[in-house]
Amino acid sequence: MKRIIIITGASSGMGAEFARQVYTQHKNTTTQTEMWLIAREDDKLRDFATTLTGKNILVRTFAFDLRGSVGAEHVNNLLNTESKNGKFVVDLLINNAGFGTYGPFAETDPAREMSMVELNCTALTGICGFVLPYMQRGGHIINVASLAAFLPLGNFAVYAATKSYVLSFSMALAAELKERGISVCALCPGSVSTNFANVASNGKRREVLHGRDPRKVVAHCLRASQRNKKIALWATKWKVTAFLSRFVGRYIGARFTYLFNKRPH
Ligand SMILES: NC(=O)c1ccc[n+]([C@@H]2O[C@H](COP(=O)([O-])OP(=O)(O)OC[C@H]3O[C@@H](n4cnc5c(N)ncnc54)[C@H](OP(=O)(O)O)[C@@H]3O)[C@@H](O)[C@H]2O)c1
């Protein structure tokens with residue numbers, strides 16, 4: 001049966017890296033395989049797809065805005081249309097598309113904050129729901145959360161809350177899907193060198209501070225998912241931070257980061 005791999009936010013950063021590594025893993029497959037790459041920028045997505053060269057996987061690009069129920073419904077429509085052409089399974093779903101906004105909440109644009117919730121939470125939830133009927137035993141879901149999921153953060157309030165949602169939802173989903181043999185892994189990275197800071201700061205901070213190599217973060221996450229791990233935390237510093245956050249009061253964490261971790265916005 002045909003196998004489909006879906007990666008959202010695949011035009012840059014970690015999404016593009018996921019696409020590269022998953023492609024490499026499967027490029028000599030004998031199973032009919034399609035990789036669906038989703039993001040908004042059509043040209044960027046197509047240019048990137050041309051770098052994935054090989055005969056055995058069909059790479060398809062879909063350029064649209066994933067935000068909210070409309071974005072998730074769009075994915076559902078793609079799946080429904082595909083099902084009319086024959087049977088298939090979704091082998092791997094990587095919900096990676098997401099963004100953040102730096103700055104104290106009262107100084108940020110409420111429309112942008114709502115957009116973030118629509119992408120990071122609403123779309124991710126809907127896509128999981130719409131894809132699940134097409135998954136079977138041995139399938140994997142990777143939801144990209146963040147180290148920010150472990151504690152409320154000042155100057156990053158909505159973003160940290162959205163990623164807390166992703167982590168909580170992913171853990172519950174993993175528990176519910178255990179008997180079905182479908183694994184769910186929440187990727188919880190700290191700083192990774194991508195376009196993230198540029199977007200979050202409206203261009204005021206070009207690079208993610210102390211960003212780690214996305215290739216290593218993604219490779220570790222794919223291994224973790226294959227081993228049915230529920231959380232992927234690559235760097236030792238991230239593991240320690242996640243562990244210690246259990247002992248820090250939520251308000252204390254938020255107040256401390258508000259006072260001492262200013263972010264350009
Ligand atoms: N980098 C970090 O330090 C870090 C740390 C923890 C977690 N994360 C998480 O990692 C994930 C990937 O981010 P990244 O760091 O790789 O940043 P990135 O380089 O900015 O990539 C974000 C991707 O999401 C896509 N995207 C954004 N808005 C979209 C929308 N409305 N509809 C469809 N696609 C959309 C972007 O493509 P288009 O602009 O073409 O749509 C792009 O492909 C995010 O969920 C982020 O929260 C990042």
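In what order do the 7 strands of the open sheet stand? The order is 3-2-1-4-5-6-7, with parallel pairing. Strand 3 (57–63) and strand 7 (231–232) stand at the edges with a single partner strand each, so one side of each has no neighbour in the sheet. Helices (H or I, at least four residues) and strands (E, at least two) are DSSP runs, numbered from the N terminus. Two strands pair if DSSP finds at least two bridges between them.

This is a predicted model: local features need pLDDT of at least 70, side-chain atom pairs count only at pLDDT 80 or more, and totals for chains, interfaces and linings use all residues. Residues are numbered from 1 along each chain as its sequence is written, and side-chain values use heavy atoms, leaving out hydrogens and water.

Strand 1 (residues 2–8) runs parallel to strand 4 (residues 88–95), and 6 bridges join them. Ile4 stands opposite Val90 in strand 4.

Helix 1 (residues 13–26) packs on the sheet. Among the strands it touches (heavy atoms within 4.5 Å) are strand 1, strand 2 (33–39) and strand 5 (140–144).

**Around the ligand**

An oxygen atom of the ligand is 2.8 Å from an N or O atom in the side chain of Ser11. A backbone N or O atom of Met14 also lies 2.8 Å from an oxygen atom of the ligand.

Notes:
Axes fitted to C-alpha atoms, helices over the stretch in contact; angles between N-to-C directions. Polar contact = N/O pair within 3.5 Å; in protein donor to acceptor, adjacent residues only side chain to side chain.
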